[in-house]
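Open the structure in your viewer and keep the selection tool at hand. The tour goes one selection at a time.

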Amino acid sequence: MERIKFWVYLCFLIPSLVCSVFLLSYLLSNRTLRTALHNHAIIVFLLIGLFYQATLYPWMLYYYNYEGIWHRSSLFCTIWAFIDWGLYYTQMILFAWASMERHILIFHHNWLSTRQKRLFVHYLPLVMLLLYCLVYYILTIFFPPCKNTFDVSQMTCVVLCYLFQSFALYTYDTLVHQVLPNLIIVIFSIALLLRVHWQKKRVGKSLQWRKHWKMTGQMLFISTIYLLFALPITLMNFLHLCGLSRNVSAQLMDYLFVFNYCMILLWPFACAWSLPQLKYKLKNVFNFRRQTRAVGPITLYAGKIILLQTLSS
C-alpha cells in the first residue's frame, strides 16, 4: 500500500508543483491580475499549497519510499503536524471567507470603492483570519495544555493530545474550524449561483453579468473540488465528535486521508482552469505554435517577439 501511495503522490506532485510555480508567476508578474481583488485569495491558496508541496509531500514520499523506517526528532514531528493539521485548516477557513467575500465583490462592489473601505472589508479580514489561525495552531500544537505523544513508526509521528484529552478544545476545533467553514462554503456557493441566476433574469446577459458569471464560475469550480475532497473527512470527524468509535471507521479514514491529500495537489489545476484570462493566453500560444510550424523558420524570430508580448500583456 505504501508503494502505491508513493507513486500516486509522486505522479501528482511534479505537475502540481510546476503548475503552482507557473500560476504564481503569471498572477504576480501581471499588475492587473496582481491587483485584482478576486485573485488575492487564489494567490494566498497557491502560496500555502506551494509550501505544502515543497515540504510535506517530499517528506511523505521519503516516508513511503523507506516504508516508514525513518527516525525523526520530536521537534520535526511537531512541525510536520503544524503543517499537516494547522495550515490545512487555515486554508479551509480562508476559503470559507473567500466564499463570503465573493458576494461582496460581485453584488456590493461599492463597499470597496475607496482605499479605506478596501482595507477594512478586503485586506483586514484576510490578515486577521490568517493571524488567528497561525496563533491558534502554534499554541495548541507547540504549546498544548497536555503532553503530545510521539510514534516515529507512523507517518504523522505525533499524536496531538488536545484532540483526545481536551474535549472542549476538540469540540471547538471540530465545529469552528471544520464543520462551520464547510457549511459556509456550501451555503454561500449555492447562494452565489442563485443570485447570479436571478441577476440574469433581471438584466439579461449584459457585459456586467458576463463578468459576474466568470467570477462565480471561478469560485464554484474551486468550491466543488474543495468540498469533494475535504467534506468527507469533516463529516467523519463530526461523527467522531458525536460518539462514533474511531475503531469502527479506521479503515475508511485511511482511504479518506489518501483521497484528501490529493486535494492540495489538484488545487493548482483547479485554479488554472478557473482563470479565463489564462485559458485565452494559452490558446494564443498554441495557435502561435501552429502558425510558426506552418509558416516556417523565416518568421520565427518575429513570432517569438509576438509570443513574449502576448504572455507579458
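Keep in mind that this model is predicted.

**Stop 1: the second largest cavity.** Helix α3 supplies four residues of the lining of the second largest cavity, the largest share. Select Ser20, Phe45, Leu46, Gly49, Gln53, Gln91, Ile264, Trp267 and Pro268 to show the lining. Sorted by class, the lining has five nonpolar and four polar residues, and no charged ones.

**Stop 2: the largest cavity.** How many cavities of 30 Å³ or more does a search of the whole structure find? There are two. The largest has a volume of about 40 Å³. To see its lining, select Ala41, Ile42, Phe45, Phe95, Ala98, Arg102, Gln218, Met219 and Ile222. Helices α3, α4 and α8 each provide at least two residues here. The lining of this largest cavity has seven nonpolar residues, one polar and one charged.

**Stop 3: α3 beside α5.** Now select residues 37-65, which form α3, and residues 115-142, which form α5. Their axes come within 11 Å and cross at roughly 10°. Angles under 35 degrees count as roughly parallel, so α3 is roughly parallel to α5. Show side chains where the two helices meet: Leu37, His40 and Val44 on α3, and Arg118, His122, Tyr123 and Leu126 on α5. By class, this contact has four nonpolar, two polar and one charged residues.

**Stop 4: the largest pocket.** Select Asp84, Thr156, Asp254, Phe257 and Tyr261, the closest to the centre of the largest pocket among the 36 residues that line it. The pocket holds about 1100 Å³ of space. Which element gives the largest share of its lining? It is α9, with eight residues. Elements that each supply at least two lining residues include α1 (2-29), α4 (74-107), α8 (207-241) and the strand β2 (158-159). In the whole lining, 24 residues are nonpolar, six are polar and six are charged.

**Stop 5: spans from the record.** An unreviewed UniProt entry lists several stretches as "transmembrane region", among them residues 7-28 and 40-63. Select residues 7-28: this stretch is 100% helix, and its end C-alpha atoms are 32 Å apart. Then select residues 40-63, which are also 100% helix. For residues 40-63 the end C-alpha atoms lie 34 Å apart.

Methods
Residues are numbered from 1 along each chain as its sequence is written. This is a predicted model: local features need pLDDT of at least 70, side-chain atom pairs count only at pLDDT 80 or more; totals for chains, interfaces and linings use all residues. Side-chain values use heavy atoms; hydrogens and water are left out. Axes are lines fitted to C-alpha atoms, for helices over the stretch in contact, and angles run from 0 to 180 degrees between N-to-C directions. Angles under 35 degrees count as roughly parallel, over 145 as roughly antiparallel, 65 to 115 as roughly perpendicular and the rest as oblique. Contact means heavy atoms within 4.5 Å. Ala, Val, Leu, Ile, Met, Phe, Trp, Tyr, Cys and Pro count as nonpolar, Asp, Glu, Lys and Arg as charged, and the others, Gly among them, as polar. On a 1 Å grid over the protein atoms alone, a cavity is a set of points where a 1.4 Å probe fits but cannot get out, and a pocket is an open set with protein on both sides within 12 Å along at least five of seven lines; lining residues have an atom within 4 Å of a point. Grid points are joined across faces, edges and corners, and a volume is the space filled by probe spheres set on the points. UniProt positions are given in the numbering used here, feature names are shortened, and annotations may be inferred rather than shown by experiment.
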